[in-house]
Amino acid sequence: GRRALLSLHPLAFLASPSSAAPPLAHMGCCADLFRCSSLSLLLISALFYTLLGAGIVTLGVLALTLPWAKIIVPDWYAGVTIGVGALILFVALFGYLAFCRKKNKCSISIYMLFCLLLCCTTVASTVVLFRYSDALHLAKESKFVNVTDWQREASESLKEGVEEIWEECGASVYNSDSVTYTDEFQVDADTPPYELRCTNSDFDDVAESINDQCLEAAFNDENFDEDNTDFLECYTSSSWWAPEARSSTLGKLNTPKGVFCACYEEFADFVDAYFFVGKWVSFGFAVFFGLTFLGCCYLCCCSKPAAPARTSQQEYAQQPYAQHGQQPPPQQKGATILRP
């Protein structure tokens with residue numbers, strides 16, 4: 001009868017101990033969700049670092065063994081690549097330790113700092129890749145004439161690549177009569193189509209790609225005036241790449257800049273395709289590393305270890321005293337009962 005009277009009191013809801021339970025339960029669920037998400041990010045990132053490190057080490061080994069790669073990639077660069085891959089594998093080990101030994105703050109702290117470093121690095125690389133991609137697009141629109149600032153930087157990277165391929169390929173350009181340009185034989189042999197040939201057989205695929213993509217179709221009869229005008233405008237511009245003095249088109253094409261100017265759209269599109277993939281992949285990595293860093297911060301500073309499971313005796317002791325056949329102590333009864 002006393003409990004029935006208490007239930008009719010206007011403030012009876014304050015006496016219910018369950019009224020405070022839902023907020024605490026929600027807080028516990030959120031903490032468990034944050035902890036589970038942080039641990040998942042930590043494990044996924046450690047697996048990613050393992051694959052990344054193994055891949056980088058493999059690329060370094062291939063650069064030291066493949067014939068065509070040894071020509072392009074210096075030995076010291078391949079050695080540095082292997083070292084970087086080994087370092088990433090070593091850091092991945094700290095990620096596994098942090099996941100398996102969740103109370104070890106040292107492993108989590110080291111891993112957290114590495115994630116912060118990678119996050120900052122990928123953010124910077126993302127900004128640079130976006131700027132380079134935009135600059136390369138603007139340079140292509142201007143036909144690589146009078147390029148400055150970022151456009152010049154992007155164009156210089158193309159120049160270095162074309163010059164290196166030209167030298168390692170041992171390239172020469174021939175006309176339709178299989179005649180090429182020589183200093184001793186400077187005849188007017190401008191009879192398209194033109195064909196790039198390499199003395200180094202390792203670059204035959206490169207030469208075939210350049211011929212198929214642009215060189216064989218350049219200076220054709222239908223668009224000769226337009227192609228020749230664009231070619232000459234690009235070749236004679238010395239704002240970022242000084243041209244060599246050649247009188248005939250065949251002579252100009254027998255220079256690295258001549259081939260580039262005949263195919264500048266294809267070269268720019270080829271590189272920009274890699275920039276497009278690289279900048280968005282870099283952006284995704286930056287977000288991922290940032291979330292992993294925040295997860296490590298939560299595990300290191302905010303997360304509490306999970307409470308040990310209660311034994312059957314502890315569970316029994318927490319049950320209401322009425323189930324034991326006993327009356328509750330007076331201090332607990334006074335804390336919850338409101339008198340009218």
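**Labels and the values behind them**

Author: Gladly! Of the 340 residues of the chain, 33% count as buried. Please keep in mind that this is a predicted model.

Reader: Why is Y49 called buried?

Author: Y49 has a relative accessible area of 0%.

Reader: Why is the aromatic pair of Y49 and F114 described as edge-to-face?

Author: The structure holds 21 aromatic pairs. In the one formed by Y49 and F114, the ring centres are 5.5 Å apart and the planes make an angle of 85 degrees. Centres within 6.5 Å make a pair, and planes over 60 degrees apart make it edge-to-face, so both parts of the description hold.

Reader: How do you know that this pair links distant parts of the chain?

Author: Y49 lies in helix α2 (residues 21-65) and F114 in helix α5 (residues 105-141), 65 residues apart. Ring pairs also join Y49 and F114 with F48, Y111, F285, F288 and F289 in a cluster.

Reader: What makes the charged end of R197 count as sitting over the ring of Y174?

Author: The charged end of R197 is 4.2 Å from the centre of the Y174 ring. The distance limit is 6 Å, so R197 meets that part of the test; the other part asks for a position within 35 degrees of the ring normal.

Reader: Which residues have the most contacts inside the largest nonpolar core?

Author: That core has 41 residues, and the ones with the most contacts inside it are F144, V173, L196, I210, L215, L253 and F260. Leaving aside neighbours within four places in sequence, L215 is in contact with V173, Y194, E195, L196, I210, L253, A262 and C263. A second, separate core of 23 residues includes I108, M112, F114 and F289.

Reader: How do you know that the reach of helix α6 is close to the expected value?

Author: Helix α6 (residues 149-169) has 21 residues and reaches 30 Å from its first C-alpha to its last. After α6 comes G170, with a positive phi near 65 degrees.

Terms used:
Residues are numbered from 1 along each chain as its sequence is written. This is a predicted model: local features need pLDDT of at least 70, side-chain atom pairs count only at pLDDT 80 or more; totals for chains, interfaces and linings use all residues. Side-chain values use heavy atoms; hydrogens and water are left out. Rings of Phe, Tyr and Trp (its six-membered ring) pair if their centres lie within 6.5 Å; planes under 30 degrees apart count as stacked, over 60 as edge-to-face and the rest as tilted. Helices (H or I, at least four residues) and strands (E, at least two) are DSSP runs, numbered from the N terminus. Buried means under 20% relative accessible area, exposed over 50%, partly exposed in between (1.4 Å probe, protein chains only). A nonpolar core is a set of buried Ala, Val, Leu, Ile, Met, Phe, Trp, Tyr and Cys residues joined through side-chain atoms within 4.5 Å. Contact means heavy atoms within 4.5 Å. The expected span of a helix is 1.5 Å times one less than its number of residues.
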